[in-house]
Every structure is written in structure tokens, then in C-alpha cells.
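Subject: Structure for your review

Hello,

Here is the structure, with the sequence alongside.

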Amino acid sequence: MTKLTLVVPTYNLSHYFDDTLATIAAQTEAFELWLIDDHSTDGTAEKAVQFANGIPMFHVEQFTAHQGVSAARNFGITHASGDAVAFVDGDDRLHPDYVKTLAQGFQADTPAVAVGYRWWSQPLDQRDHYEQISQRAMFQQASRHGSEVGGYIWNKAYSLPALRQQQLLFDESLTIAEDYLFTATFVANNPGIYRYDPAVRYTKVNRPGSTIHSRSLAERRVENQVFDQIYRLGEYL
């Protein structure tokens, strides 16, 4: 079965991190873990070190200066040793079968696998089964707000060889919509049959002060520019 690497950026997560770690520890399938702390000052990094201590497949990296979530994710991509990589936000919750469902979804022609998530809404049909999605349909899902599969990165796993062949990393100059750009760029450049299990395996936590709740007008303009770039990618599909 596909070996999955979880990449979890962390930065001043306070008590939210405890629940996230508990759901990581409860996974029913083995995986590699990279906890990448972006120079926290509230004890988050120390919790990461304690959690990973003594587990050979669990790793912690502590940045000596704050670099941003994209830099942390890029560190995870470059150091991952799995067949596929998934990204988890350090204040969210995982179903015990999150890793298992993503890993089992991969086949020879599968660039990425997605699972259902709960945030402002959730899938209407949450039966635990894999649906096949064409490249074009997956791009349509990943390139617009409000779709069921979405362009978010935390409910997906991406083929690591495909990422490295494409040399795809997160744009560290962006503080918003970097996840949509990453996913849409990946899909636009990777034909194949994508797979999606609508059973909810990821729960997004609304944390006060997070980026999604504190976007400035300037960041919203940047977001619009990013989506213009994404739409241009779709013209070639």
C-alpha cells in the first residue's frame, strides 16, 4: 500500500495543538510525520518535540526565524520519504482513518486522492467509497470556491514523485490562496484518474486570528489575482 507522509506546519497553536496531536496519534495506518515549527513562542515547538520523541518515523524541524506556512510545507515536501504527501493544519482534527483512506485510494494512474471534509458544510453523500474523477473535472473542483472536493490541500494526498518531477512547491510570496494555486497547478500538469472518498475524514477548526479570519483588503486583491492565474491554467485542459 502507498506510504504516506504527513506534513504539519505549526506556529503558536496554543491548546488547539493538543487535540490535533491526539487525532494524529489515533491513526489506524502507519505513516511518516514531519512537524515543522515556524518559530513558535508559546510552547508549541516543545509539544511537537515531546510528541515525536522516540518514534523513528516522526520528525520535528524548528525554524530559527518565522518564515511562513508555505516555507514550512516546502520543507516537508523536500524531506518527505513517502510515496505521497498530505498536508495537515496544526489546529484541525483527523478521523482515525484519514491516513488509511488517502493511502488506499492510490492506484497506478492516480495523481492525487481526496477525502470528504467538514467545515462550513459537509458532503451530502458521506458513504465510504472511492469515486473516480477525470483531470478536467478535478481541476473544476479545485479551481473554485464552494466545490465539494475543493482546492484546499488538507483533504488531499499528492503523489510525491509527481510533485518532484514537476518541481512543484508552494509560492512563499503568497499569504493567501497559496493552497488553491498549489492544487490547481498540480492538477493542470498531471493527467490521470483522481479518486475521492466523500466520507468525512478531516474537520476544519475555525480558530480566531487564523489567516482565513484576518484577511486584509490587499490580501483579497491578491487572492483575485491568484484565481486569475488559476483560470488561465485551465485554458489548456
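Gln167 is exposed, because its relative accessible area is 69% and the cut-off for exposed is over 50%. Please keep in mind that this is a predicted model. Gln167 sits in the loop between α6 (160-166) and α7. From Gln167 to Thr78 the C-alpha to C-alpha distance is 9.9 Å, although 89 residues separate the two in sequence.

Helix α7 covers residues 178-188, and Glu178 belongs to it. Glu178 has a relative accessible area of 9%; buried means under 20%, so Glu178 counts as buried. What does the side chain of Glu178 pair with in a polar contact? The partner is the side chain of Arg73, at 3.0 Å. Leaving out residues up to four places away in sequence, Glu178 touches Val69, Ser70, Arg73, Phe170 and Asp171.

Next, the nonpolar core. The largest one has 68 residues, and those touching the most other members are Leu6, Leu33, Phe87, Tyr98, Tyr158, Phe182 and Phe186. Helix α7 supplies the largest share of this core, seven residues. In soluble globular proteins, nonpolar side chains tend to be buried together.

Regards

Technical notes: Residues are numbered from 1 along each chain as its sequence is written. This is a predicted model: local features need pLDDT of at least 70, side-chain atom pairs count only at pLDDT 80 or more; totals for chains, interfaces and linings use all residues. Side-chain values use heavy atoms; hydrogens and water are left out. Helices (H or I, at least four residues) and strands (E, at least two) are DSSP runs, numbered from the N terminus. Buried means under 20% relative accessible area, exposed over 50%, partly exposed in between (1.4 Å probe, protein chains only). A polar contact is a pair of N or O atoms within 3.5 Å; within protein, one must be able to donate a hydrogen and the other to accept it, and residues adjacent in sequence count only if both atoms are side-chain atoms. Contact means heavy atoms within 4.5 Å. A nonpolar core is a set of buried Ala, Val, Leu, Ile, Met, Phe, Trp, Tyr and Cys residues joined through side-chain atoms within 4.5 Å.
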